[in-house]
Amino acid sequence: ERLLRAAVLVVGLTADPTPFMGGRLLPVPVLRLVDIPLDASGSATLAARGGGGPLTVYLQALAADPTQPLGYEFSQALEVFLGP
């Protein structure tokens with residue numbers, strides 16, 4: 001598949017919606033940033049292994065988008081539970 005652009009996956013342990021770059025960032029404070037490639041439709045598929053849990057993480061993707069007022073597009077945030 002042809003890759004059009006990349007996004008950044010924002011990972012955090014808490015959900016604290018915070019205004020950021022013209023949108024709302026949910027995983028605050030940020031624990032980690034992960035670059036993820038997007039396919040031609042703007043989608044990404046990621047796999048996660050469980051074990052060692054329980055652990056709940058919050059994820060949200062940001063991608064450059066010149067059509068947005070401040071240049072970024074925000075995905076909806078996800079709450080992900082990783083079980084033992």
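1. Aspartate 65 is buried, with a relative accessible area of 12%. In this predicted model, the residue lies in the loop that joins β5 to β6, the latter spanning residues 72-74. Not counting residues up to four places away in sequence, aspartate 65 touches Gly71, Tyr72 and Glu73.

2. Glutamine 60 is found in strand β5, which covers residues 55-64. Its relative accessible area is 3%, so glutamine 60 is classed as buried, the limit being under 20%. The side chain of this glutamine reaches the backbone oxygen of serine 75, at a distance of 3.0 Å.

3. Which residues are in contact with glutamine 60, leaving aside its neighbours within four places in sequence? The list comprises Val8, Leu9 and Val10; then Arg24, Leu25, Leu26 and Pro27; and finally Phe74, Ser75, Gln76 and Ala77.

4. The largest nonpolar core has nine residues, namely Ala7, Leu9, Val11, Ile36, Leu38, Val57, Leu59, Ala61 and Ala63. At least two residues of this core are supplied by each of β1 (3-12), β4 (32-39) and β5. The largest share, four residues, comes from β5.

5. Methionine 21 is placed in the loop between β2 (15-20) and β3 (23-27). Is this residue buried, exposed or partly exposed? Methionine 21 has a relative accessible area of 36% and is therefore partly exposed, since that class lies between 20% and 50%. Leaving aside its neighbours within four places in sequence, methionine 21 is in contact with Leu70, Tyr72 and Phe74.

6. Methionine 21 and serine 75 are 54 residues apart along the chain, and their C-alpha atoms are separated by 13 Å.

7. On the surface, Leu13, Leu31 and Leu55 form a nonpolar patch, with about 280 Å² of accessible area together. Leucine 13, one of these residues, is located in the loop between β1 and β2. With 46% relative accessibility, leucine 13 counts as partly exposed.

Methods:
Residues numbered from 1 in each chain as written. Predicted model: local features only at pLDDT ≥ 70, side-chain atom pairs only at ≥ 80, totals over all residues. Heavy atoms only, no water. Buried < 20%, exposed > 50% of the residue type's maximum accessible area, 1.4 Å probe, protein only. Polar contact = N/O pair within 3.5 Å; in protein donor to acceptor, adjacent residues only side chain to side chain. Contact = heavy atoms within 4.5 Å. Core = buried A, V, L, I, M, F, W, Y, C linked by side-chain atoms within 4.5 Å. Patch = residues over 30% accessible without salt bridge, like charges linked within 9 Å, V, L, I, M, F, W, Y side chains within 5 Å. Areas by Shrake-Rupley, 256 points an atom, 1.4 Å probe, with all protein chains shown as cover. Salt bridge = Lys/Arg side-chain N within 4 Å of Asp/Glu carboxyl O.
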